[in-house]
Amino acid sequence: MTEFKPTILAFCCNWCSYAGADLAGVSRLQMPPNVHVVRVMCSASVKPEYVMKAISQGIDGVLVLGCHVGDCHYMTGNHRTAKRMPVVQKILKDIGLNEKRVRLDWVSAAEGEKFQKVIVDFVDEVAKLGPNPLKEVRF
Amino acid sequence: MREEHGNVGPVMISKGEDPGDVRTDVPYQLITILSNLYPWMTDGKKIAVVTRKCDEKALAEFFKRGYFARDRVIQIGLACNREQIRQCRCSDPVPSVVDIGEPHGGLDTDALSEKLMAMSSEERLRFWEYQFRKCNKCFACTTNCPVCFCDECVLEERTFVPERGVPPGMSFHMIRAYHLSDKCIECGECERSCPAGIPLLTLRKLVARDFKEMYGFSPGDEKTVSPLLTTLEGESLDGDECDEC
Amino acid sequence: MEMNAMNVKHVLTTCPYCGTGCNFYLQVVEDKLISVVPCKTDEISRGQLCIKGYNAHAFVQHPDRLKTPLAREHGELRQISWEDALDRLAKEIRRIKEKYGPDSIAFLASAKCTNEENYLFQKLARAVVHTNNVDHCARLCHASTVTGLLYSFGSGAMTNTIPEFGDADFILITGSNTLEAHPIIGSHMLRALDKGAKIVVVDPRDTPLSRLAHIRLSQKPGSDIAWINGMIKVIIDEGLVNEEFVRTRTSEFDKLKEVVMGYTLEMVESIAGVKGKDLSKAARLYAKADRAMVAYAMGVTQHSNGTDIVMALANLAMVTGHLGKESTGLNPLRGQCNVQGSCDSGGLPNLFPGYQRVDDEQVRAKFEQAWGVELPEKPGLTLTCAIKEAALGKLKAMIVFGENVMLSDPDLTHVEEALKELELLAVVDIFPTETTKLAHIVLPAACYAEKDGTFTNTDRAVRLLRKAVDPPGEAMPDWKIACELAKRLGAKGFDFSSPAEIMDEMAKVTPIYGGIDHGRIDRELIRWPCPTKEHKGTRILHAQKFTKGLGTFAPVHHSPPAESPSEEYPFILTTGRNLFQYHTGTMTRRSPKLEREAPEPYAEVNNGDAKRLGISEGDRIMVSSKRGSITLLARVTERIIPGSVFIPFHYAEAAANRLTNAALDPVSKIPELKVCAARIQKG
């Protein structure tokens, strides 16, 4: 049996997390494949709708990365994100999906290593969950 | 509501007019009907509406956002009877002021909610998958919802809900569940008006329970601000609602 | 009432879209329609509507509405007065009648008009112009149901009622995309499904309902009799025939037996492509069920052997005895708000109101006495034949009440040529349409929200329309237009002051409506037959005996469609509706929320075929048949069987009926809109 390689979508905010990803890249840190990074201006511009759409289309896991609380380029953008994503996770649970398929974390521009760690951890965790059951569901 | 033509339907009675055979036992969603009429009300006019507890909560959501002026809507409190409470699986049926009816307590538990949460997640997913497969995209759940008041509905945005596609799939219902998480007052109108018989009220109840556990917040109170609109410290965020909807 | 109080009304009325006949409230503020509120206590809709119902107010006050009469002068339509328009029309009708005889004139009644109006249209044709040339769009949808079921049962309508679907324990649906075309009937089926009923869908297309079905059979378009006969053979072979029912209630079973015995599972599979195992499983489920209903629609009727297919389904129901009881029966789902009613009220060339034959001397004598004139005995032209006669120059005038033949009829190029041959084409409608573009005189009509009257829905319930707002400009209800025109043609018996009076006259001459009047149906839901004022109406037909006495088995054989795929045209084109648009789109395309959902014409192509032809999702493709070609977007899907292509017929910019075949069923004259040979090209 071939090992399951999950497809992951990672939304990274422009000011911190994307810069963190950049640093990880420049530092030549090993990164798992199948992670698609989407650069957004702020984690708050990741509408929950995008996350839920991705999950219902069969993406195995969605990672939302923003600046640490207090460091948001837009002052309180990541406060919004911090309030919203847990609701998304609960809805996944209520529908019958594992809430661990969505994760929110904070990565600053200086945290290249943390970026790598967050990604690797998340990929491992989603791999353990197995494929998104919605991938096989056609409406 | 009034009985006419062998049916019971909503009716607007002007001052001095004979109200006729008025009925309060058919669950019309009068706040939705009022929200259609409100923009047409001429200056200074007031309107009275029969309000159950859920309607009272819905009005609070309107007042909170400044969509209705508080002094223009007069509430006639209706306490639902036991049968109505049972049908709506209502946990909170007594309005703050009872003008009509005898107050009766609500139900503590919702059987289907309990059953669903006792299932394995695979079973639960299969359950909802079957339910959502019946969806015919009639938008009854949004059209009849008293607290669906965005000017532009995200469910009509192609990015999130492509045109045509029937049934519209999982994301339609997840997105709607999210949007109602800090507004839904559990009147059950979505479920009653769903031609596919999807237990939408149960989904609302599940999300409401989580929301309350996380943030200690339940919609329907004019004084509290939705946690989705405050900072982590609870301070109010600037900007209007539609930043997030 | 206090001065200046807000003028708010909630007017209970009947939906103008499909034949389900849902009631709802139109919310009216100061003569503006602002919204639709479902009616919670209505037995049929139970406070639920589909997306079209919720948007049924949207087109009514659209700026495009026709507001004044128009007449063609020097090639252009110009505004004229009502007096002038009606005088001109009457004069032209007189002239043509004198010059070419009454049968050179045809009237098209309308399934979008009320019973009262259709009654007047046919009275106008028969009693005033003296022709039986009156027909309407039922010719294009359920004409074969009327002829087929009249032969088998004696009554061409749904045998049972809509709410009964909810209590069935087995439902067979064929040729009906119920959830999209009749969503609220579909909702009753879903209620049964939730309660554990078994659902079988037989359809070449994958539909929202077929995805929920327990057994789904995809037959090749045009092979219906093969699988139906195959199913009957399984039922006979396995001893599941309801012997008592067959013995006491039917005749000619032996003839049927002889015919179906040839339809072995292998043969059915080779003709219809349906797996024998699944077919026999479905047959067993159906025969053994307690409360088994069959529902069908256009997929059965719109074939050049449509009448035969309907009779084959009737055979199936009679073999098992699933008739005449709660939650059983054979149920044609009729597609327009009043297509049942316009048939009932005599908008057919061979039948007076209430399905009484024009060539029956006694019946004619009754109507001659009632109307005080002599009536023609020769059955008139059907809509489809009228078009053919017009092209040959034999038919000179057509008066069209609320139909858009230039989009709904098969082989539009031919229709256009035919209509251009006419000396007089008068169209009464609510919006400018593809047909008004060719008209000599156009009269503005009131729509459903602007008049009183009745619609008869698909389960024979006669439902009231109640006026909510005034018509725009000078527009008038069709019944007034018909009365005015009749008076100008010198006729008596058109002095009606309200639709209720018209219904009273109609009830007198129409036994099945005998007990119906507006006062009664204002308060109760009555389904015909309702012969007397005391009668409660009839929910289930054929309960003790069939309308004609014994039910008749019709031995029918499979025959291929009129046009088979060839090397040049290798695909089978089938046409239909989608959820969001309605027929020729006159109303829905002016409703923003509906138009948003389905704004563009498209063709569904099987993904395997698409790959072979190098077509991907969203590509522009050209679909052609022998009769024409249209360009539209491709929707690539696994949800249609290989070798087929589906196009909805709503869109004037890529009208599917440019391609369809006008081959007619010999009995009912319904065209084969469901099958023709086509070719697909990229670009």
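In chain C, helix α17 (residues 383-391) and helix α19 (residues 412-421) have axes that come within 7 Å and cross at roughly 60°. The axes are lines fitted to C-alpha atoms over the stretch in contact, with angles from 0 to 180 degrees between N-to-C directions. This is a predicted model: local features need pLDDT of at least 70, side-chain atom pairs count only at pLDDT 80 or more, and totals for chains, interfaces and linings use all residues. Residues are numbered from 1 along each chain as its sequence is written, while chains are lettered from A and ligands numbered from 1 in the order in which they are written.

**Helix pair in chain C**
- Ile387(C), Ala390(C) and Ala391(C) of α17(C) make the contact with α19(C); contact puts C-beta atoms, placed from the backbone, within 7 Å.
- On α19(C), the partners are His414(C), Val415(C), Glu417(C), Ala418(C), Leu419(C) and Glu421(C).
- Six of the contact residues are nonpolar, one is polar and two are charged.

**Chain B against chain A**
- Chain B brings 30 residues to the contact and chain A brings 26 residues.
- On the chain B side, α5 (121-133), α7 (170-180) and α9 (200-215) each give two or more residues.
- α5(B) gives the most, with seven residues.
- The chain B side holds 19 nonpolar, five polar and six charged residues.

**Glu30(C)**
- Glu30(C) sits in the loop between β2 (23-29) and β3 (32-38) of chain C.
- Glu30(C) counts as exposed because it has 12 C-beta neighbours inside 10 Å; the cut-off for exposed is 12 or fewer.
- Val8(C) is 22 residues from Glu30(C) in sequence, and 6.6 Å away C-alpha to C-alpha.

Definitions and conventions: Two residues are in contact if their C-beta atoms, placed from the backbone, lie within 7 Å. Helices (H or I, at least four residues) and strands (E, at least two) are DSSP runs, numbered from the N terminus. Ala, Val, Leu, Ile, Met, Phe, Trp, Tyr, Cys and Pro count as nonpolar, Asp, Glu, Lys and Arg as charged, and the others, Gly among them, as polar. A residue is buried if 20 or more other C-beta atoms lie within 10 Å of its own, exposed if 12 or fewer, and partly exposed in between; C-beta atoms are placed from the backbone.
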